[in-house]
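The sequence and the structure are shown below.

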Amino acid sequence: MARLFGTNGVRGVVNEFMDGQLALDVGKAVGTFMKGRVAIGCDSRTSADMVKSACAAGLMTAGAEVLDLGLLPTPALQFFVKNGHLSGGVMITASHNPPEFNGIKAIDSDGTEMPREKELAIEAFYFQKEFSRPDWKQIGSSTRTTGAIASYQKAVLANVERKVIRAAGLKVVLDCANGAGSVCTPQILEELGVRTITLNCNPLGTFPGHPSEPTEEHLKDLIAMVKQTGADLGIAHDGDADRTIFIDDKGRFVYGDRSLAVVAGAMVVENGGGVVVTPVSTSLCVEEVVKRSGGEVVYTRVGAPIVARKMIEIDALFGGEENGGLIFPKHQYCRDAAMTAAKMIEILAIEGSMSSLLAKVPDYCLDKRKLACPDLAKEDVLKAVCEAFAEQRVDTTDGVKVYFEGGWTLIRPSGTEPIFRIYSEGKTEQKAHEIADRCEKVVREILGSISK
Ligand code: MG
């Protein structure tokens, strides 16, 4: 069967793939699956009202009671679903994609992103057009619901040491990329007593400040502002505010796995040990910091919902992805940008400057490349790669990860393209390239022998 949900829900360009009809039908399918009370919310995109209205109409058609939360961060909607004991939620967002995109993401009743087996059930309703069609007395209604942001903000504030933060007198620059974080994070920082300079913190769906993916290239203004104002920290959210990327007090862009390492280390020390969950693609710097702090790392396949579910299964202390999506189980089992920002501020207030914390995180260099491979051959190639590296430590959690002295290579089949993604990490750039070259050569030889 064809797939409807990608890695991050249903996404596409508005009025091309993502039109009113699609949103209506997805709403019907989700409503047929969820029944009961369903929350709906959106980010700041220009198409938010159109996609949300169509999707809500679909949910009501199937008999769901819709609670319309309006504009809010994805984790705030997830928090509302979990605490309101709802049947589930729907977030209208395309996260970090360009402004012409929009998307629909389904949230499970426990506030986590929908697991694949439940998405399959929703997809079956969608593709077979098997929607609930209750009679006129059971049609759902929609209620504008306020208070979701306030209760989420309260929960974030309750999870950090407010007095310690207030006493530290920190100054930060916050960049919400004109996205959903704009209506939430500035108030949290104010409540924490942090002097905050805001940048792109007015929600605007054309994303006039910069594209909503928090890359170094897109955060030039934030970097300049941190330097100019002598701020202790720069904080950047993606469009739906489930991820946070930082700029240190020297104005340097901080890669997501390095900030993940800082928070993971602090969490482990604070709790006297614990398990940190992260995908196999994460830098070794996280494992090194966690081990040094007295904790251990458990690896999963790539994908935030997979990390979150593993954390629930093994009662992990903390988890996250290298893209700035950090998960704090005491708060909730999903990536949470405002919680990440608040926790990092607490860590700075207790331990010292961001640059001094980063100085304790080991440096690694990453080499990313792609290699064409027909989809049908992928499985055989991976098997042969395992055999070729039988002498090394090999992890097959997701693709094949081969460990070498001072580094590793991950060979992962793309789920959407006929390619392998080859990620290699080493202590130096040269080491990363060497490892990558060695693995690429092996994969090419295997591909050559298969095609003969
Ligand atoms: Mg996002």
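A residue is called buried when its relative accessible area is under 20%, exposed when that area is over 50%, and partly exposed in between. The model discussed here is predicted.

By that cut-off Thr-340 is buried, because its relative accessibility is 0%. Thr-340 belongs to helix H12, which covers residues 337–351. Apart from neighbours within four places in sequence, the residues in contact with Thr-340 are Thr-244, Phe-246, Leu-326 and Phe-328.

**The packing of helices H14 and H15**

Helix H14 (residues 378–388) and helix H15 (residues 429–451) have axes that come within 10 Å and cross at roughly 125 degrees. H14 is therefore oblique to H15. The crossing in which H14 passes H15 is right-handed. On the H14 side the contact is made by Asp-380, Val-381, Ala-384, Val-385 and Ala-388, and on the H15 side by Val-442, Val-443, Ile-446, Leu-447 and Ile-450. Of the residues in this contact between H14 and H15, nine are nonpolar, none is polar and one is charged.

**Residues with positive phi**

Two residues other than glycine have a positive phi: for Ala-177 the angle is near 55 degrees, and for Phe-207 about 50 degrees. Ala-177 is placed in the loop between strand S7 (171–175) and helix H7 (185–191). Phe-207 is placed in the loop between strand S8 (195–199) and helix H8 (220–229). Are these residues buried or exposed? Ala-177 counts as buried because its relative accessibility is 0%, and Phe-207 counts as buried because its value is 6%.

**Two glycines**

Gly-20 lies in helix H1 (residues 20–34), whereas Gly-63 is found in the loop between helix H2 (48–61) and strand S3 (65–71). Gly-20 counts as partly exposed because its relative accessibility is 23%. Gly-63 is likewise partly exposed, with a relative accessible area of 23%.

Residues up to four places away in sequence are set aside in the contacts that follow. Gly-20 touches Met-50 and Ala-54, and Gly-63 is in contact with Pro-134, Gln-138 and Gly-140.

| Pair | Separation in sequence | C-alpha to C-alpha distance |
|---|---|---|
| Gly-20 and Ser-53 | 33 residues | 8.5 Å |
| Gly-63 and Phe-253 | 190 residues | 48 Å |

Methods: Residues numbered from 1 in each chain as written. Predicted model: local features only at pLDDT ≥ 70, side-chain atom pairs only at ≥ 80, totals over all residues. Heavy atoms only, no water. Axes fitted to C-alpha atoms, helices over the stretch in contact; angles between N-to-C directions. Helix = DSSP H or I, 4+ residues; strand = E, 2+ residues; numbered from the N terminus. Parallel < 35°, antiparallel > 145°, perpendicular 65-115°, else oblique. Left-handed = near helix turned anticlockwise from the far one by under 90°. Contact = heavy atoms within 4.5 Å. Nonpolar A, V, L, I, M, F, W, Y, C, P; charged D, E, K, R; others polar. Buried < 20%, exposed > 50% of the residue type's maximum accessible area, 1.4 Å probe, protein only.
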